[in-house]
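Me: I've got a new model open. Can you talk me through the charges and the surface?

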Amino acid sequence: MDDCLAENAIWDEQVARMAEQSKQRLTKLQKRLLAEVTEIAELARIDYESILDYDEEERTARLRLMINQIVRSQVIADYTFIDEMLGAAICHYFFGRKRGFIKLWKTKKFKNFNYYILEVLSITEKLRLLKAIYKVPKSTAADIEAINALRNDLAHAFFPENLRSSKPVYKDKDIFTREGMERFIEDMSKISDFFLHRNFGIRELQQEQEQAGVAVAAV
């Protein structure tokens, strides 16, 4: 009974959101991109909004496959983001911050460093190097290692639930459930905050802007 109420609440929320979105207008570019998103979703068979177009007997299996595909893509995308942020932090240590990456990429030294050092290091090796040169919170390092293990399972096994060494579980939560993804996204947000602050000082900038807004409002 509680599950039915929860599902109905989610459906009502989606309907309300769609009604609100229908009042807004998109630019020509946004309309073209939205059409392309819809077409790609159909090609990839993750067009869950068109589930009624599938045969009735295959809808349950199709929805589970959609969840599987969406979760895998999210985990792998976030994994590559972590890898990129690790590389950026390492580059800042060896090349400094005076020149941005766009200018650095024009130099042979920076290119060679990326091609022959960073590209051959695994994410765990980059993390180990970063921990040697910067202070990385234990919780952040542990979350990166957990996400790396999860990514390996999802990227290298079509049926990760059949693996002997590990299962598609993130911190005791099935990654293919809402609870599992919520836990994953929560940790990814913390990792993202750490690296954006560490590499680019974005958190400090946001805080300054928020403080400035408060000051203006007070005036």
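**Contacts, charges and surface**

Reply: Start with contacts, meaning heavy atoms within 4.5 Å. Among contacts in the protein between residues at least 6 apart in sequence, 53% join residues at least 24 apart. This is a predicted model, where local features need pLDDT of at least 70 and side-chain atom pairs count only at pLDDT 80 or more, while totals for chains, interfaces and linings use all residues. Residues are numbered from 1 along each chain as its sequence is written, and side-chain values use heavy atoms, with hydrogens and water left out.

Me: How many helices and strands are there in the protein?

Reply: The protein has 9 helices and 2 strands. Both are DSSP runs numbered from the N terminus: helices are H or I with at least four residues, strands are E with at least two. Along the sequence the pattern reads α-α-α-α-α-α-α-β-β-α-α.

Me: What share of the residues is buried?

Reply: Buried residues are 27% of the 219 in the protein. Buried means under 20% relative accessible area, exposed means over 50%, and partly exposed is in between (1.4 Å probe, protein chains only).

Me: And what does the accessible surface come to?

Reply: About 15900 Å², with 55% of that belonging to carbon and sulfur atoms. The areas come from the Shrake-Rupley method with a 1.4 Å probe; for residues, only the protein chains shown count as cover.

Me: Salt bridges next. What's the count?

Reply: The count comes to 6 salt bridges. The rule is a side-chain nitrogen of Lys or Arg within 4 Å of a carboxyl oxygen of Asp or Glu.

Me: Which residues are linked in a network?

Reply: D143, K171 and D187 are linked by salt bridges. K171 pairs with D143, with the closest N and O atoms 2.4 Å apart. That pair links distant parts of the chain: K171 is in the loop between β1 (169-170) and β2 (173-174), D143 is in helix α7, and they are 28 residues apart.

Me: How far apart are the closest N and O atoms of D187 and K171?

Reply: They are 2.7 Å apart in that salt bridge. D187 lies in helix α8 (residues 178-200) and K171 in the loop between β1 and β2, so the pair ties together parts 16 residues apart in sequence.

Me: Is D187 buried or exposed?

Reply: D187 counts as buried because its relative accessibility is 4%. D143 is also buried, at 8%. K171 is partly exposed, at 29%.

Me: What does R62 pair with?

Reply: R62 meets E58 in a salt bridge (3.8 Å, N to O). R62 counts as buried at 14% relative accessibility. E58 is partly exposed at 27%.

Me: Which buried residue has no salt bridge?

Reply: D153 is one of them: buried, yet without a salt bridge. R151 is the nearest side chain of opposite charge, 9.3 Å away. Here Lys and Arg count as positive and Asp and Glu as negative; His and the chain ends are not counted. D153 sits in helix α7 (residues 138-156). Leaving out residues up to four places away in sequence, D153 touches P160, L163, S166 and K167.

Me: Now K126. Where is that one?

Reply: K126 lies in helix α6. K126 is buried because its relative accessible area is 5%. Leaving out residues up to four places away in sequence, K126 touches D83, L86, I90, L118 and L121. K126 and I90 are 36 residues apart in sequence but 7.9 Å apart in space, C-alpha to C-alpha.

Me: Back to the surface. Which residues gather in the positive patch?

Reply: R99, K103, K106 and K109. Patches use residues with over 30% relative accessible area and no salt bridge; like charges are joined within 9 Å, nonpolar side chains (Val, Leu, Ile, Met, Phe, Trp, Tyr) within 5 Å. A charge is placed at NZ of Lys, CZ of Arg, CG of Asp or CD of Glu. K109 is in helix α5 and counts as exposed, at 64% relative accessibility.

Me: Which residues form the negative one?

Reply: E36, E39, E42 and D53. E42 lies in helix α2 (residues 28-43). E42 is partly exposed, at 43%.

Me: And the nonpolar patch, which residues form it?

Reply: W105, Y115, Y116 and I117, with about 430 Å² of accessible area together. I117 is in the loop between α5 (108-116) and α6 (123-133). I117 counts as partly exposed, at 37% relative accessibility.
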